[in-house]
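Biologist: Please take me through the terms applied to this model, and set each value against its definition.

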Amino acid sequence: PTHWDFPVELCCRPMAFVTLTGLDVVYNAVHRAVWDAFCANRRADRVPISFKVLPGDHEYPKCRTKRTSYEWYIPKGILKTGWMNKHLNLVPALVVVFYELDWDEPQWKEKQLECATRVEIVRQSLQGRNTKVAVVLIQKKTPLPPGEDVIASERAAALCNACDLSGKSLFVLPHTDHLVGYIIRLENAFYEHAQTYYYTEIRRVKSHKEFLNKTTHQLLFVRHQFKIAFFSELKQDTQNALKNYRTAYNLVHELRAHETNMLEIKTMAGFINYKICRLCFQHNTPLDAIAQFRKHIDLCKKKIGSAELAFEHAAWMSKQFQAFGDLFDEAIKLGLTAIQTQNPGFYYQQAAYYAQERKQLASMLCNHDSSVTYPNPDPLETQTGVLDFYGQRPWRQGILSFDLSDPEKEKMGILSLQLKEKHVLHSELIITLLSNAVAQFKKYKCPRMKSHLMVQMGEEYYYAKDYAKALKLLDYVMCEYRSEGWWTLLTSILTTALKCSYLMAQLKDYITYSLELLGRVSTLKEDQKSRIEKNLIKVLMNESPDPEPDCDTAAVKASQKLWADRVSLAGSNIFTIEVQDFIPFVQCKAKFLAPSFHVDVPVQFDVYLRADCPHPVRFSKLCISFNNQDYNQYCVVEEAYQKSDILEQSSQGTMCLVPGKTRKFSFKFVAKTEDVGKKIEITSVDLILGSESGRCVILNWRGGGGDASSSQEALQAARSFKRRPKLPDSEVHWDTLTIQASTMIISRVPNISVQLRHEPPALTNEMYCLIVTVQSHEETVAKDVKLTAGLKPG
């Protein structure tokens, strides 16, 4: 556990502590069976007791001599660090002495004496404590009903007398088939004894109250109230425990606070708040828990303490939110219903926010020169290895005055805490909290909160230099932001993603993000786009790009070596990028000039391209693919140019795209006769950037063009009433262009004229004459001509 984690004994459910003595669980099978019956499958319906087997002469923690007066007593702190553990695991409410003895034992006197001696040894070891003692006789036979066995009653009375026990503290345990049943009855009796013990303890603590005065014993008011609440929990009286914790909480905030004791006050406030919230959830009053937590944060968020250790306050705040998130989540697992607007995710998110603040403060306050060494002797070392009181400074334990007696010591203490903070893996803490939050928001179906936090996780992985994980998260979120049109957010994420791909020298990713950052939805300024475009061209010419700004220097050095390796490796240098999933800086729309063409007329279509990058760009090839691949060969535009010409400002070349101008490429081909009655479809448009000698990027549009944002933009253009400026005849408005990716091939109109002559009426039983004149205007002879004539029925 780290310095900020709550102690285990604070977070567990307090249960009455009972020790069993006189059991040899290793070598005695009967004793082993008894012990197993106490421990095995303790279901929820069994009484809440924590059992431990100890030897009869076990030394329990010594009891301090009782104070007769508080007059000169000045407390040294609020709560001792060992106190909760002492009452949970070291000081029992009841010690049970197990002894094998039957009522008809022939050597009764000697056995009775031995049993009394064992009880006396236990009493000696508990000197001064109010712990109860009980005796259990393990017997071989099932006892007779009460009152029927005269010897048993006499001997029981004699044994109680010898051991100085009341009759209620002597039990019989027959080792028969019904062992578990007897054990359950036994532990119920033990539980009652324990209840009485904790009740006496509460009374004892309360009796101190009348000796206290408000001026010197402020800390004791809190301490006693906390103890009463804790004993009430051990007694399973959670209503009273909650009431007393609430009082203790108010008392903590009444303490005089100063930068020297602020941490102790906050630590105790955090502990008590945790207990209150936990009990509220246990009592199924979640709104009370939330209200208490809000009050707690409002009271504590300004209590920063020493400015030089401000990161500690952020760490403490983060822990409060995380702990409440854990409590909330645990309550939900036990059946509480949460809602979208009030679920544990918000608390984990806030915890992550404070962990980020801690990281920032630490980088400001702990950036000591490497020449600064850790103080020796270590101011954080204590003689016992632990603190005496929760929340105090190791180098001035128990000193409560507000003016520091040894400023030099204080300075060293602060320095050691700062140097320790330097080694904390902040990013790991932040990522864990964010991923907890993401899991919750996913569960409660809050997709935008989930995306928002995934971006933060991605950025945190980037700071932690885990670029692969950062890219994985950012890529996932990009799709959502593209589809919803959050361009500023998308640009910001792409910028981080570009840095990651640069630092890992991931060629394809680097090219993809660059294409998109130069595109129309990118909100980068022109100069930034210019820099990215120049880098992209470098990569296409098989050179290393310049580093992205604000990257870690060591990481840049490592990546430059990777890029150099990439340049020297002659591997596959052709990358195909499917455009429909993102928004590159080139747009494409292909359009057949008509919905159908006669087979004897050339099929005509245009491909429109438009670039949005800062500088003109040259492409080396444009090719269109159809569902009938025979036509592909006719629809290619290619231009060879020198490697150095990619960025030449010449708009002479056919393949040069000038930013903001729409370029039209027209194609025509003749359809084949077997395609009559079929549809010709454009399956894809490929635009090739770069050259085979350097690196080649193929931008691939499915169908007739369009990318992740096109359909949305087309819809907006259709709904827009803005007047478009008049353009010269040769140019078109990009928005007015529609994609028409298919056309039908229909048979040609025949070049033959047919005339029909006949003279009605037709008379009954008379031959009626029809004269058909067929004339061919074809250029060749028409063969195999067949003429049929038909009459309409009736």
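Modeller: The largest cavity is lined by Thr260, Asn261, Glu264, Gln392, Arg393, Arg396, Gly398, Ile399, Leu400, Ser401 and Phe402. This is a predicted model, in which local features need pLDDT of at least 70 and side-chain atom pairs count only at pLDDT 80 or more, while totals for chains, interfaces and linings use all residues. Residues are numbered from 1 along each chain as its sequence is written, and side-chain values use heavy atoms, with hydrogens and water left out.

Biologist: What makes a space a cavity and not a pocket?

Modeller: On a 1 Å grid over the protein atoms alone, a cavity is a set of points where a 1.4 Å probe fits but cannot get out, whereas a pocket is an open set with protein on both sides within 12 Å along at least five of seven lines; lining residues have an atom within 4 Å of a point. A search of the whole structure finds three cavities of 30 Å³ or more. The largest cavity holds about 90 Å³, where a volume is the space filled by probe spheres set on grid points joined across faces, edges and corners.

Biologist: How is the lining of the second largest cavity divided by class?

Modeller: The lining of the second largest cavity has seven nonpolar residues, two polar and no charged. Ala, Val, Leu, Ile, Met, Phe, Trp, Tyr, Cys and Pro count as nonpolar, Asp, Glu, Lys and Arg as charged, and the others, Gly among them, as polar. Residues lining the second largest cavity include Phe6, Cys277 and Gln320. Helix 11 gives the largest share of this lining, four residues; helices (H or I, at least four residues) and strands (E, at least two) are DSSP runs, numbered from the N terminus.

Biologist: Why is the second largest pocket said to lie between domain 1 and domain 2?

Modeller: Both domain 1 (1-194) and domain 2 (257-263 + 283-464) give residues to its lining, so the second largest pocket lies between them. Domain bounds come from an automatic or database domain assignment. The second largest pocket has a volume of about 970 Å³, and of its 36 lining residues Arg64, Trp83, Lys86, Arg223 and Lys227 lie nearest its centre.

Biologist: Why is the pair of Phe226 and Tyr245 called edge-to-face?

Modeller: Rings of Phe, Tyr and Trp (its six-membered ring) pair if their centres lie within 6.5 Å; planes under 30 degrees apart count as stacked, over 60 as edge-to-face and the rest as tilted. The structure holds 37 aromatic pairs. In the pair of Phe226 and Tyr245 the centres are 5.6 Å apart and the planes at 65°, so the pair is edge-to-face. This pair links Phe226 in helix 7 to Tyr245 in helix 8 (residues 238-252), 19 residues apart.

Biologist: What makes the pair of Phe605 and Phe667 stacked?

Modeller: The ring centres of Phe605 and Phe667 are 5.2 Å apart and their planes stand at 20°, so this pair is stacked. The pair joins Phe605 in strand 9 (residues 603-611) to Phe667 in strand 13 (residues 662-669), 62 residues apart.

Biologist: How do you know that Tyr513 is buried?

Modeller: Buried means under 20% relative accessible area, exposed over 50%, and partly exposed in between (1.4 Å probe, protein chains only). Tyr513 has a relative accessible area of 3%, and is therefore buried. Tyr513 is found in helix 18 (residues 507-517). Nine of the eleven residues of helix 18 are buried, so this helix is largely enclosed by the rest of the structure.
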